Amino acid sequence: MQIGRVVGTVVSTQKHPKFEGAKLLLVQPLNLDDTPRGAALLAVDGVGAGVTEKVLIVLEGRAAGEALGRKAAPVDAAIIGIIDTVDVQP
Amino acid sequence: MHVARVVGTVVSTRKDENLVGLKLLLVQPLTPDRQPAGRPLVAVDAVGAGVGEEVFFVRGKEAAFPYYPVAPPVDAGIVGIVDHWDVEPPRAGR
C-alpha cells in the first residue's frame with residue numbers, strides 16, 4: 001500500500017457498469033517527506049475521502065475490487081483509508 | 001487507473017483471435033495539469049471513446065474484465081470517458 005494525497009475529483013457518465021455509483025478521486029502518491037512521487041493516478045474511493053486529505057491506497061486489482069465491493073471490476077487502484085498521522089523514526 | 005487523452009486509433013488485421021472486434025486506441029496519459037505524462041500507449045476501448053476525448057484507463061489483467069468470460073491478452077483498457085475533472089491547486093503549509 002502507498003500513501004498519497006487527494007488532489008482532485010473526476011466525473012464520468014459513460015463508463016463501465018461496474019463503476020456505477022463509485023467515487024473517482026485523483027491521488028498524488030507521496031514520499032515520506034510529503035513531496036510528490038511519480039505520476040498522479042485515479043482511484044476509486046471506498047472510505048469517503050475528500051480533496052486535500054492524506055490517504056492510504058492499494059495499487060492492485062483484486063484488493064481494489066474488494067474496496068469497491070464488486071468482483072471482477074476493471075479497477076487497479078482504490079483508497080482504503082484516510083490517514084490521521086504518520087510517524088517516521090529517524 | 002490513469003486519466004489520458006485519446007490521440008489516435010490503431011488498426012490490426014492479423015492478431016490474437018480474442019482481440020477480434022475490440023477497438024484499439026492510442027492514449028497519452030496526462031498529469032493533473034493536463035500535460036503529457038510519459039509515453040503514449042495502446043489500450044482497448046470498452047466504453048466507446050473517440051479521438052480527442054479525455055478518458056480513464058486501467059492497467060494490468062483487470063483491463064480484460066469488461067470482456068469476461070473472454071480473456072483478451074491486453075494490459076491496458078479504457079473503462080470510462082471523463083466529463084470533467086477538478087484539481088485542487090497545491091497550497092503551502094498543509
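**Start with the barrel**

Select chain B: 5 of its strands close into a barrel in the order β1-β2-β3-β5-β4, with mixed pairing. From one strand to the next, the twist averages 55 degrees, the axes being lines fitted to C-alpha atoms and the angles running from 0 to 180 degrees between N-to-C directions. Strands, like helices, are DSSP runs numbered from the N terminus (E, at least two residues, for strands; H or I, at least four, for helices), and two strands pair if DSSP finds at least two bridges between them.

Some housekeeping before you click on. Residues are numbered from 1 along each chain as its sequence is written, and chains are lettered from A and ligands numbered from 1 in the order in which they are written. This is a predicted model, in which local features need pLDDT of at least 70 and side-chain atom pairs count only at pLDDT 80 or more, while totals for chains, interfaces and linings use all residues.

**Chain B, strand by strand**

Color by pLDDT, the predictor's confidence in each residue from 0 to 100. Chain B averages 92, and 95% of the residues score at least 70. The chain has 0 helices and 6 strands, and its C-alpha trace spans about 55 × 25 × 20 Å along the principal axes.

Now pick β1(B) and β2(B) (residues 23–29), which pair in the antiparallel sense over 6 bridges. Show Ala4(B), whose bridge partner in β2(B) is Pro29(B), then Gly8(B), whose partner there is Leu26(B). Step on to β3(B) (residues 41–45): β2(B) pairs with this strand, again antiparallel, over 5 bridges. Val27(B) stands opposite Leu41(B) here.

**Across to chain A**

Next, select the contact region. Here 33 residues of chain B are in contact with 25 residues of chain A, where contact means C-beta atoms, placed from the backbone, within 7 Å. On chain B, β1 (2–10), β4 (54–59), β5 (76–81) and β6 (84–87) each supply at least two residues of the side that touches chain A. That side divides into 18 nonpolar, 8 polar and 7 charged residues (Ala, Val, Leu, Ile, Met, Phe, Trp, Tyr, Cys and Pro count as nonpolar, Asp, Glu, Lys and Arg as charged, and the others, Gly among them, as polar).

Look for the strands that pair between the chains: β1(A) (residues 2–11) and β6(B) run antiparallel over 4 bridges. Val10(A) stands opposite Trp85(B). For the complex, the predictor gives an ipTM of 0.81 and a pTM of 0.87.

**Inside chain A**

Why is β3(A) (residues 41–45) largely enclosed by the rest of the structure? Because 5 of its 5 residues are buried, buried meaning that 20 or more other C-beta atoms, placed from the backbone, lie within 10 Å of a residue's own. On one pairing, β2(A) (residues 24–29) meets β3(A) in the antiparallel sense over 4 bridges, with Val27(A) opposite Leu41(A). On another, β3(A) and β5(A) (residues 78–82) pair in the parallel sense over 2 bridges, and Val44(A) has Ala78(A) as its bridge partner.

Keep Ala78(A) selected. Leaving aside neighbours within four places in sequence, Ala78(A) is in contact with residues including Ala43(A), Ile57(A), Ala64(A) and Leu68(A).

**Last stop: the core**

Finish with the largest nonpolar core, which has 49 residues; such a core is a set of buried Ala, Val, Leu, Ile, Met, Phe, Trp, Tyr and Cys residues joined through C-beta atoms within 7 Å. Among those with the most contacts inside it are Val27(A), Ala78(A), Phe57(B) and Ile78(B).

Note on methods:
Contact = placed C-beta atoms within 7 Å. Buried ≥ 20, exposed ≤ 12 C-beta atoms within 10 Å, placed from the backbone.
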